[in-house]
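Trainee: Before we look at a particular chain, could you show me how to read charged side-chain pairs in a model?

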Amino acid sequence: MHTLRRIYNIIKGFLSDFSGKEFLIFLFFLALSGIFWLMMTLNETYEVEYKVPLTIAGVPKNVVMTSEPSDTVRVTVKDKGFVIMTYSLYHKFKPLTIKFSAYANTKTGHGAIPLADMMKMMRQQIYGSSSLTSLKCDKPDFTFNYGQNKKVRVVLAGNIVPAKNYYLAHVQIVPEFVSVYANRHELEAIKTVLTENLNLSNISDTVVRVVNLRAIAGAKTVPAKVKVTLFPDVLTEGSADVPIVAVNKPRNLIIRTFPQTVKVRYTVGSMAYRLVRPSDFQVHVDYMQIADHPSDKCKLHLVCNSRFVREATLETPQVDYLIEQQ
């Protein structure tokens with residue numbers, strides 16, 4: 001209390017002398033000039049853009065909206081600063097509610113909302129002194145159907161790069177098929193639905209992502225997003241001894257190779273290593289090639305029938321041979 005009394009006495013003494021009175025006069029004229037400046041500023045004309053919600057009402061239960069108009073429109077209002085301040089602080093614009101039946105063409109499955117109609121609805125919400133200088137709607141049209149749809153496979157789009165010594169063993173998409181709603185002509189042209197680009201690099205462990213489906217003009221996909229699971233696997237090396245078989249030879253000839261088997265080296269994911277068999281590989285000697293290009297050695301051709309093998313090579317690309325007649 002003693003401290004507060006001291007502060008009060010100091011302020012009272014300051015205001016009682018000449019300099020304190022001058023300070024009060026200064027504050028008075030400063031406030032007065034501020035009021036005049038604010039009144040002059042608010043009396044000027046301004047143009048301000050506002051965002052107003054846009055909704056469609058009265059959609060029948062048997063109608064599926066395959067694409068909708070923009071959910072907001074941008075309107076520019078021109079008036080004195082006093083009125084503009086009222087719009088900004090107190091006067092909230094109501095959403096523009098469009099009746100589905102007024103603009104939907106049931107034969108084509110398409111509807112368009114004229115900007116003139118939206119301008120007319122907006123003028124009913126502004127004061128008489130205000131003018132509506134512009135109204136912008138990025139997408140004033142919409143499409144719909146009466147439930148026509150088909151199941152379409154989802155395809156992953158993007159670039160997936162596994163880490164060194166890894167490969168992408170499997171991609172799981174859930175759901176694998178989605179329902180696409182569109183008119184009959186557009187449904188016939190839609191074969192697959194792509195995801196939005198998923199770009200990942202240097203992955204070495206299982207990755208799960210929820211990815212949006214890429215939009216299709218005039219169509220609606222249900223659901224609109226899928227869960228993508230990526231299963232990378234580490235690469236390992238394997239080998240198998242495979243017999244050499246002659247092909248395209250006459251029946252009366254025998255082609256003997258030295259050696260009669262050759263080692264095939266391959267890379268495979270660790271999870272599929274035990275699923276690879278020597279019978280998945282075939283090594284051929286083509287008699288027609290020998291006949292056309294005689295040489296001391298014959299060229300070997302490798303055929304791999306395993307879907308698990310990433311890369312397969314022959315340890316020896318050429319071998320000695322002998323042709324005998326039966």
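Mentor: We begin with the criterion: a salt bridge is a side-chain nitrogen of Lys or Arg within 4 Å of a carboxyl oxygen of Asp or Glu. Side chains of opposite charge can pair when their charged atoms come close. In this predicted model, Lys297 forms such a bridge with Asp320, the closest N and O atoms being 2.8 Å apart. The pair links distant parts of the chain, with Lys297 in strand S21 (residues 297-304) and Asp320 in strand S23, 23 residues apart.

Trainee: Are Lys297 and Asp320 buried or exposed, or something in between?

Mentor: Lys297 counts as partly exposed at 39% relative accessibility, and Asp320 is likewise partly exposed, at 34%.

Trainee: How many salt bridges does this rule give?

Mentor: The count comes to nine salt bridges. One of them joins Glu176 to Arg153, with the closest N and O atoms 2.3 Å apart; because Glu176 lies in the loop between strands S11 (166-174) and S12 (177-181) while Arg153 belongs to strand S9 (residues 149-155), the pair ties together parts that are 23 residues apart in sequence.

Trainee: And what does the side chain of Glu315 meet?

Mentor: Glu315 meets Arg265 in a salt bridge of 2.8 Å, N to O. Glu315 sits in the loop between strands S22 (309-314) and S23 (318-325), and Arg265 in strand S19 (residues 261-269), so this bridge ties together parts that are 50 residues apart in sequence.

Trainee: Which residues are linked in a network of salt bridges?

Mentor: Such a network links Glu49, Arg74 and Asp138.

Technical notes: Residues are numbered from 1 along each chain as its sequence is written. This is a predicted model: local features need pLDDT of at least 70, side-chain atom pairs count only at pLDDT 80 or more; totals for chains, interfaces and linings use all residues. Side-chain values use heavy atoms; hydrogens and water are left out. Helices (H or I, at least four residues) and strands (E, at least two) are DSSP runs, numbered from the N terminus. Buried means under 20% relative accessible area, exposed over 50%, partly exposed in between (1.4 Å probe, protein chains only).
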